[in-house]
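Please look over the structure below alongside these notes.

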Protein chains: 2
Amino acid sequence: MLAEIITIGDEILIGQVIDTNSAFLADELNKIGIRVGQITSIRDDRDCIINALNEASQRAGLVVITGGLGPTSDDITKQTLTEYFNAKLVLNAAVLEHIKSLLTARGVEVNDRNVSQAELPDQCRLLHNASGTAQGMWFEKNNTVFISLPGVPYEMKAIMTDYALPMIKVAFRLPPIQHYTILTHGLAESAMAVKIASWEQHLPPQVKLAYLPSPGILRLRLSAFNPVDNNGNALLAKEILKLESLIPEYIFGYNDDTLEAVTGNLLRQKKCHLSVAESCTGGKIASMITGVPGCSDYFLGSVTSYSNESKCKLLGVDPESIRIHGAVSQAVAEEMARGVRERFSAEISMAVTGIAGPAGGTSEKPVGTTWIAVSTADSTRAEKFNFGEHRGRNIHKAAIAALFMLRSELIRMA
Amino acid sequence: MLAEIITIGDEILIGQVIDTNSAFLADELNKIGIRVGQITSIRDDRDCIINALNEASQRAGLVVITGGLGPTSDDITKQTLTEYFNAKLVLNAAVLEHIKSLLTARGVEVNDRNVSQAELPDQCRLLHNASGTAQGMWFEKNNTVFISLPGVPYEMKAIMTDYALPMIKVAFRLPPIQHYTILTHGLAESAMAVKIASWEQHLPPQVKLAYLPSPGILRLRLSAFNPVDNNGNALLAKEILKLESLIPEYIFGYNDDTLEAVTGNLLRQKKCHLSVAESCTGGKIASMITGVPGCSDYFLGSVTSYSNESKCKLLGVDPESIRIHGAVSQAVAEEMARGVRERFSAEISMAVTGIAGPAGGTSEKPVGTTWIAVSTADSTRAEKFNFGEHRGRNIHKAAIAALFMLRSELIRMA
């Protein structure tokens, strides 16, 4: 099964908006076994839309279209689809009620344009948009299915997940497919491939492996395609057990886990409270940790000590340590970690001090030099890293490395 | 002049990577007066590439291609272009030297695959990639220009900016075009349109206005197209003066300014040092401020006080204030701001306390309720906001609002 995605909207073609919808759609379609052959972005223009629909339907059995369903005059997707499918617009009373109740709840008066959003082509099946006024639509023509979705990401995602994907599975009688993703850290893609080569070669023919690398993290996605007796999950479980025994020290999570959430759960399990001292990461680590709902169970807080004075005054770093070793040093990282642990009465803490750049580097301590320390009542350990030359990437890499050091320490604890 | 963009790479079509390159390219092309008619993402597949090149060149005078130029066997863009243009690959000695010196500096041994990256089609003009091994290429065929660039964003951007864009301007004899962007805050797109309607109606015919909205910030881009006597900048300056007198209180920056950098420059000008106390924003504000190179000139640091105890112990908040008014209250916001200003010996400070969600809301203080305070030696002011229900968006909106409150206070200062 081959699909194509068409995104409609001038804002993409003038570079004002990055098209994130297509990546979501492509990922979801791949997960149910549908390959995406092409993604096409076009303007809000009748001829362009019709041309794109014609071209895509010649190549694909499924065409997913996003955008151009808003209430303003530049949004012409619905009119163009109505023409393309020789349909006519009919007012849907249930949709009108839904739109009215949505807008009333927001304190917005219902106008003619909103009413016209309740008119749908008589050839389509409705895909309900629970949180918006633009409805999804499902068309069929010459053995191709066309799905039209609004461009607002969270509305598009909800319609896709709740209605379109289940209907696609039925319509195309897709064979069952299961996925399981293992999150690893510590081996690059090529090194991991060597390490697990024998296991990979002996995978059953229905099980496929994909390497999904991102900075500091390598995800391994196992998929079971159309297994005999529908035993895909059992097949995957067996292979994952083997993989876990092969690379236990590199695995830190599964499926939709994030590093922040996994580390947070470890803190919760160990009944440990965390505090953080940040210099070069400037609040990034605290921001990542507090992005996880419920983090107040284990996160007490942090100090961003951007000046030497604040390192001494708020964290109790000895001014002599800074004078002798410099602010980016093992001694200062350790004193920051100890200081922030004591001040927040935390069981565990971490501290980061480094040179994010672009200025501040020396030949001895070039931009990217970073010390990270983790401290408990029993011990304080520090490690030196050299991340590189780019400020934004240095901050990101230091935050990831600090979270992995924290995780190691938590695992080591009794 | 119409252009199309083709991005090549399986990683986009499986949804592993979001295509950010196309937005950059579309923005840059629009800025020099070239309209982008279509963006097409295809797999690393010979037939797909040739088909996409044929289709795009029938519609556009310029085709910009990214991706598929890496050293591994799945990257086939260069071979396919060589075939498409009836060219043959020839080793370029200068490029080989460049690749060798790059890899040697990284401590990587040069292998056959790297050497083959120095082979270029004899029909193309070289677009030098200063920071990578995959070179850019410029082809011409039947009055269409084809530009092939690597998919690594920072390499692609550098080649585009340094070589491709200047060459495009010459090759297509593009009429001069100038842009000037005004950054505003405080009016939504529709309200701004009403406010500046009369000014907009009287713009000279060569000057066009575009509204570019994003959360909390509305950018107004003025462009002068092909003005008489090449006086575009003068034309724009005249109109911007009028606009500035119309909406002075809403303008906070120009062109590539960011809110963080603009506020940072104000702090520098006023010789003020800043400290920040964060609760619900959890480090996000500090992280935004420290994303600006050179921020150590004015940023001393921050405390993320996620627990009530840390609000009292590290910031000196009175436990009675929390008991009587709750942690999310005017009193606590003001005490946090005063406390963090004094502890860092800062001239100015801000504090944020709110309910980011999803849990923690009450009927009196629903999720999204946020108090923001700004404090100086002379005064401490606080304001209440209601941002909404989504944790991530609440954190982002609170950070933006806090920076705007800080900016207002700095402007008010003598």
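1. Two residues count as in contact if their C-beta atoms, placed from the backbone, lie within 7 Å. On that basis, in this predicted model, the contact between the chains takes 48 residues from chain A and 48 residues from chain B. On the chain B side, the elements that each supply at least two residues are α1 (10–13), α2 (21–31), β2 (35–42), α12 (284–289), β14 (299–305) and α13 (308–315). By class, that side of chain B has 22 nonpolar, 20 polar and six charged residues.

2. Strand pairing also links the chains. Strand β2 (residues 35–42) of chain A runs antiparallel to β2(B), and five bridges join the two. S41(A) has I39(B) as its bridge partner in β2(B).

3. Chain A has 16 helices and 17 strands. Its C-alpha atoms fill a box of roughly 80 × 55 × 40 Å along the principal axes. Of the 414 residues in chain A, 45% are buried. Among contacts in chain A between residues at least 6 apart in sequence, 65% join residues at least 24 apart.

4. In chain B, the axes of helix α11 (residues 259–269) and helix α16 (residues 391–412) come within 10 Å and cross at roughly 25°. Angles under 35 degrees count as roughly parallel, and α11(B) and α16(B) are therefore roughly parallel to each other. Their crossing is left-handed. The contact is made by L259(B), E260(B), T263(B), L266(B) and L267(B) of α11(B), with I400(B), L403(B), L406(B), R407(B) and L410(B) of α16(B). These residues divide into seven nonpolar, one polar and two charged.

Note on methods
Residues numbered from 1 in each chain as written. Chains lettered and ligands numbered in written order. Predicted model: local features only at pLDDT ≥ 70, side-chain atom pairs only at ≥ 80, totals over all residues. Helix = DSSP H or I, 4+ residues; strand = E, 2+ residues; numbered from the N terminus. Buried ≥ 20, exposed ≤ 12 C-beta atoms within 10 Å, placed from the backbone. Axes fitted to C-alpha atoms, helices over the stretch in contact; angles between N-to-C directions. Parallel < 35°, antiparallel > 145°, perpendicular 65-115°, else oblique. Left-handed = near helix turned anticlockwise from the far one by under 90°. Nonpolar A, V, L, I, M, F, W, Y, C, P; charged D, E, K, R; others polar. Pairing = 2+ DSSP bridges.
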